[in-house]
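Please look over the sequence and the model that follow.

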Amino acid sequence: MPTLHIRALKNDNRGITKVRLSNDIRSQHLRLLTAIIQRSSNSFTGDSVGVRLPFLSSDQFHSTLRRGELQFPVDKLSGSRLTVINFGQGLPLDCDHINEAFEVQLVDENGAGLTSSGNMDFVDLYFSYETASLF
């Protein structure tokens, strides 16, 4: 199975990161395997961080947050600046067609984009999917 890795970064563009893949990926089933959250300091005050992905449309992904992003808890109790969340066999997600170029957004628990002044560095997402073939 092919793997899709996406890194969402804090930045001064409202947390929006431009992603460019080697080719587009047709609509199919994704499995979110792992989310890795790196904080720049232990003073991050939020309990969670979100990642908005354009290929997880409101028709494919539903949440009680009603904002359409994947939301991940931040481990502030262990003292580590790194939070690793493994989803075992993977969290199944249906996706729309994934274009070769797209934007992801890193947001706080209120939906505001995380900027360079925040205490969050990045979120890495690792997905597996069925096929990279266009047919």
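Q: In which strand is H5 found, and what makes a run a strand?
A: H5 is found in strand β1, residues 3-9. Strands are DSSP runs of E with at least two residues, helices are runs of H or I with at least four, and both are numbered from the N terminus. This is a predicted model, in which local features need pLDDT of at least 70 and side-chain atom pairs count only at pLDDT 80 or more, while totals for chains, interfaces and linings use all residues. Residues are numbered from 1 along each chain as its sequence is written, and side-chain values use heavy atoms, with hydrogens and water left out.

Q: Why is H5 called partly exposed?
A: Buried means under 20% relative accessible area, exposed means over 50%, and partly exposed lies in between (1.4 Å probe, protein chains only). H5 has 37% relative accessibility, so H5 counts as partly exposed.

Q: What makes the link between the side chains of H5 and D124 a polar contact?
A: A polar contact is a pair of N or O atoms within 3.5 Å; within protein, one must be able to donate a hydrogen and the other to accept it, and residues adjacent in sequence count only if both atoms are side-chain atoms. The side chains of H5 and D124 are joined at 3.2 Å, a polar contact.

Q: Which residues does H5 touch, not counting residues up to four places away in sequence?
A: H5 touches D124, L125 and Y126 on that count, where contact means heavy atoms within 4.5 Å.

Q: Why is T34 called buried?
A: The relative accessible area of T34 is 15%, so T34 is buried. T34 is found in strand β3, residues 29-39, and the side chains of T34 and N86 are joined by a polar contact of 3.0 Å. Leaving aside neighbours within four places in sequence, the contacts of T34 include V84, F87 and D124.

Q: Why does Q38 count as buried?
A: Q38 has 16% relative accessibility and therefore counts as buried. Q38 also has its place in strand β3.

Q: Why is the pair of F55 and F102 called edge-to-face?
A: The ring centres of F55 and F102 are 5.7 Å apart and their planes stand at 90°, so the pair is edge-to-face. F55 lies in the loop between β4 (48-52) and β5 (70-73) and F102 in strand β7 (residues 101-108), so this pair ties together parts 47 residues apart in sequence.

Q: What makes F55 and F127 an edge-to-face pair?
A: F55 and F127 are 6.3 Å apart centre to centre, with 75° between the planes, and form an edge-to-face pair. F127 lies in strand β8 (residues 120-129) and F55 in the loop between β4 and β5, so the pair ties together parts 72 residues apart in sequence. Ring pairs link F55, F102 and F127 into a cluster.

Q: How do you know that F55 and F127 are buried?
A: F55 has a relative accessible area of 2% and is therefore buried. F127, at 0% relative accessibility, counts as buried.

Methods. Phe/Tyr/Trp six-rings, centres within 6.5 Å; stacked < 30°, edge-to-face > 60°.
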